[in-house]
Amino acid sequence: MKERILVTGGTGYIGSHTVVELQNAGYDVVIVDNLSNSHADVVDNIEQVSGIRPAFEKVDCLDFQGLEEVFKKYAGIKAIIHFAASKAVGESVEKPLKYYRNNLVSLINILELMPRYGVEGIVFSSSCTVYGQPDTLPVTEEAPIKKAESPYGNTKQINEEIIHDTVASGSPITAILLRYFNPIGAHSSALLGELPNGVPQNLVPYLTQTAIGIREKLSVFGDDYDTPDGSCIRDFINVVDLAKAHVVSIRRILEHKQDEKVEVFNIGTGRGLSVLELIHGFEKATGVKLNYQIVGRRPGDIVKVWANPERANKVLGWKAEISIEDTLRSAWNWQLKLRERGIQ
Ligand code: NAD
Ligand code: WQD
């Protein structure tokens, strides 16, 4: 019998790629998503990629009863991957209560339901945003948590604390907190990828939309930082590599291999790439010339951050494998496919 995994936010960007990898690894997946930032047809695309249709329930994680019905309907859920959250940093500054409500109450509902239905563990989507600007690079999991720059970032810090406190209180569950660095790219089939709502705030979707002509020009936010070329540095991680980190985490939970009841892992490549390097890498990988200009700094930006992923490499046996060239090509192919489908 296949082990059953519940994936909240499973029709979203990272969730959809993870569902495919879970299915490829032999798990039976149930998706819960309220479709607030994704579309139901993602389920069709998942099926096209993996050959297996995942169960899908349009349920809001804020709806405790609705969520409980899912646990009843799909008996024997062994573990959960909790992606469902609101994630736009700028919006979180304008609507903090929406972010605190959605990101905190959803997790609380899940943590309450897990022991009632015998669910063993949870993999939680955390973020390198919890480190702020680290004092030492590459950043390890031991680095201090800095005061959050936004309500969104704060929800990730509080979520981590909620999980620690719940496990410490004796809840019979275990957890793996994955701190993602900057996920980019799309599935090699170009059937799954990131579908930004409105004007993209993140670099790569803005870049590919500029390359295809939806946006006139990409603004590079600052070239006067204390970095070799003056632009900010990030650790860009391919979304399929990131998805696979969830599969090994689930396996670790279900095989009871954890050293601690709550474990934390950085999920990044270990390599920092500047914004300008990424732009030139995109041009080289795709042969598409990009219209960009240097503008002023974006308030709140971290200057440079990249992961020390050694713990994930050693303990999870996971490593980022896909090259940045292939990753940028996949992002471009996804953008081309969206046009073909008449979506953007
Ligand atoms: P996404 O918006 O594409 O996916 C999130 C999904 O959750 C969406 O399909 C949305 O409809 C759903 N959702 C939101 N609130 C819900 C609710 N109350 N009930 C049910 N479904 C709900 O985002 P993503 O980029 O795939 O991010 C997934 C997770 O990873 C989020 O928790 C995000 O904070 C975290 N994360 C993302 C990044 C990034 O750069 N993309 C980086 C670090 C961490
Ligand atoms: C990357 C770099 C920008 C757009 C955000 C969240 C973080 C995490 C990932 C979830 C920066 C520059 C961007 C543009 C640009 N999400 N840039 N022109 O800021 O590292 O992180 O997403 O947890 O919490 O804050 O990602 O893609 O927005 O920016 O020059 O049009 O690209 O200044 O240096 P960021 P990003």
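How far does a polar side-chain atom of D301 lie from an oxygen atom of ligand 2? The separation is 2.5 Å. The model is predicted.

**Ligand 2: contacts**

- D301 reaches an oxygen atom of ligand 2 through a polar side-chain atom, at 2.5 Å.
- Taken alone, ligand 2 exposes 690 Å². The protein buries 87% of that area.
- F221 uses its backbone instead: an N or O atom there lies 2.9 Å from an oxygen atom of ligand 2.
- N182 places a polar side-chain atom 3.0 Å from an oxygen atom of ligand 2.

**Ligand 2: shell**

- There are 17 residues around ligand 2. The nearest are S127, Y152, S219, R234 and D301.
- By class, eight residues of this shell are nonpolar, six are polar and three are charged.
- Strand 8, residues 218-221, supplies the largest share of the shell, with four residues.

**Ligand 1: contacts**

- The side chain of N102 has an N or O atom 2.7 Å from a nitrogen atom of ligand 1.
- A backbone N or O atom of C61 lies 2.9 Å from a nitrogen atom of ligand 1.
- For N34, a backbone N or O atom is 3.1 Å from a nitrogen atom of ligand 1.
- Ligand 1 exposes 820 Å² when taken alone, and the protein buries 95% of that.

**Ligand 1: shell**

- The elements giving two or more residues to the shell around ligand 1 are helix 1 (13-24), helix 5 (96-116), strand 5 (121-127) and helix 6 (151-168).
- Strand 5 gives the largest share of this shell, three residues.
- Around ligand 1 there are 27 residues. D33, N37, S38, N102 and Y152 come nearest.

**Largest nonpolar core**

- The largest nonpolar core has 44 residues. I5, L22, L178, I250 and I267 touch the most other members.
- Helix 8, residues 239-254, gives the most to this core: nine residues.
- Domain 1 (4-184 + 236-267) and domain 2 (203-234 + 270-340) both give residues to the core, so it lies between them.

How values were computed: Residues numbered from 1 in each chain as written. Chains lettered and ligands numbered in written order. Predicted model: local features only at pLDDT ≥ 70, side-chain atom pairs only at ≥ 80, totals over all residues. Heavy atoms only, no water. Near = heavy atom within 4 Å. Polar contact = N/O pair within 3.5 Å; in protein donor to acceptor, adjacent residues only side chain to side chain. Areas by Shrake-Rupley, 256 points an atom, 1.4 Å probe, with all protein chains shown as cover. Nonpolar A, V, L, I, M, F, W, Y, C, P; charged D, E, K, R; others polar. Core = buried A, V, L, I, M, F, W, Y, C linked by side-chain atoms within 4.5 Å. Buried < 20%, exposed > 50% of the residue type's maximum accessible area, 1.4 Å probe, protein only. Domains from an automatic or database assignment.
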